[in-house]
Amino acid sequence: LIRISLLPPASDRRVMYGGDVGYRQAGKLMGMDAMATAGVQVRVDDIQPKLGIQTKRSPTGTTTDSDVLEASYSPFVKIEVQPTPWMRFAGGLRSDTFTFDVRNRCETCAEQPAGRKTSSLVLPKANLILGPWFKTELFANYGEGFHSNDARAAVGGAASPLARARTYEVGARARPWGPDGMELLATLWAIDINSELVFVGDEGTTEARGPTKRRGMEVAARGPIWGPLSFNGSVTWTSAKFDTGDKIPLAPELTAYGAAILQWPKGLTTQLQVTFLGVRPLTEDNSIKATSWLDFDLTMRYKLPVKL
């Protein structure tokens, strides 16, 4: 993967590249059908974040200007077993090591964080699936993840480089119209994060604000409706708060999207998608809120026939 983003001066410039490689092997484990996977993922972000002041949209000075090189190295192992026809289990471990290297490019700016720091996490994951019964499966998931804090805050000691997140999920999925029909999904979930990031607009950076809890539910549907017409959509309700009980700024309570997809003959696809973002707090005490909005997207794609 190589991705390049170039934006105007006094903003952001970055190059992202990386890749992953893995090996999968099927076999038996204590007499049970099993599948084992091992691999590693690597990603490097080469970033030049810059913030300045301007008058009538003309730059008049520089506030921050840094060189940031952030890299991650992530080996993982996963095993999948099926003890009975109605039970499947998948579990694994993933290790993430991050290096943060920050250099200040602006000699006339106020003192900015600079230096190098390394941080690592080991993250377990597990997934249990029961069924199907009456064309319905039940599932329970547990996993640990993270978000990486701003590299400048990490090397400056203002925040832990990696904030651990624990996720819990239970739900059901059903295909009442057969294996090739519409799939219906309902889940209850929770996310506990050790440290939440809040954007600080005046400084052009983020700030670690402490632990948060998110609780929510989601219903979704995806699959064919009739002939070449299919649908994919979901509705999600979320309660997002700091451990103190304050609201998390910009965390919406209700989000939804729906997409109707029409597959034409000879490689042409039309998709109409509607996305809804609900009212969300702008302040921790919920006294100021951002209004909700709807976004409509119409896309056309054509797949060229290629013969090898």
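Is D67 buried or exposed? At 16% relative accessibility, D67 counts as buried, where buried stands for under 20% relative accessible area, exposed for over 50% and partly exposed for the range in between, with a 1.4 Å probe and protein chains only.

## Basis of the model

This is a predicted model in which local features need pLDDT of at least 70 and side-chain atom pairs count only at pLDDT 80 or more, while totals for chains, interfaces and linings use all residues. Residues are numbered from 1 along each chain as its sequence is written, and side-chain values use heavy atoms, with hydrogens and water left out.

## Overall architecture

The protein contains one helix and 18 strands. These elements are DSSP runs numbered from the N terminus, with helices (H or I) of at least four residues and strands (E) of at least two. Along the principal axes, the C-alpha atoms fill a box of roughly 70 × 55 × 45 Å. Of the 308 residues in the protein, 31% are buried.

A contact requires heavy atoms within 4.5 Å. Among contacts between residues at least 6 apart in sequence, 52% join residues at least 24 apart.

## Nonpolar cores

A nonpolar core is a set of buried Ala, Val, Leu, Ile, Met, Phe, Trp, Tyr and Cys residues joined through side-chain atoms within 4.5 Å. The largest such core has 11 residues: I47, V68, F98, F100, V102, L121, L123, A151, A154, V155 and L162. Two or more of its residues come from each of β5, β6 (115-133) and α1 (151-156). A second, separate core has five residues, among them A240, F242, I248 and A251.

L121 belongs to the largest core. Beyond its neighbours within four places in sequence, L121 is in contact with R94, S95, D96, F146, L162 and R164.

## Charges and salt bridges

The protein carries 36 positive and 32 negative charges, whose mean positions are 6 Å apart. In this count Lys and Arg are positive and Asp and Glu negative, with His and the chain ends not counted; each charge is placed at NZ of Lys, CZ of Arg, CG of Asp or CD of Glu. The structure holds 20 salt bridges, each defined as a side-chain nitrogen of Lys or Arg within 4 Å of a carboxyl oxygen of Asp or Glu.

One of these salt bridges joins the side chains of D67 and R103 (2.5 Å, N to O). D67 lies in strand β4 (residues 58-84) and R103 in strand β5 (residues 87-104), so the pair ties together parts that are 36 residues apart in sequence. Whereas D67 is buried, R103 is partly exposed at a relative accessible area of 49%. The side chains of E183 and R173 also form a salt bridge (3.9 Å, N to O). This pair links distant parts of the chain, with E183 in strand β9 (residues 183-193) and R173 in strand β8 (residues 162-174), 10 residues apart. Through shared partners, salt bridges join R88, E137, R173, R175, E183 and R222 into one network. Within it, E183 is buried at 8% relative accessible area, and R173 is partly exposed at 24%. A further salt bridge connects D33 and K28 (2.6 Å, N to O); D33 is partly exposed at 44%, and K28 is exposed at 61%.

P124 is found in strand β6 and is partly exposed, with a relative accessible area of 27%. P124 and G143 are 19 residues apart in sequence, yet their C-alpha atoms are 6.0 Å apart in space. Leaving aside neighbours within four places in sequence, P124 is in contact with G92, L93, Y142, G143 and E144. P132 also has its place in strand β6, and a cis peptide bond with omega of about 10 degrees joins G131 and P132.

Most residues other than glycine have a negative phi, and most peptide bonds are trans. F134, although not a glycine, has a positive phi of about 50 degrees; F134 is placed in the loop between β6 and β7 (136-148) and is exposed at 82% relative accessibility. L250 likewise has a positive phi, of about 70 degrees. The loop between β13 (229-242) and β14 (254-263) holds L250, which counts as exposed at 52% relative accessibility.
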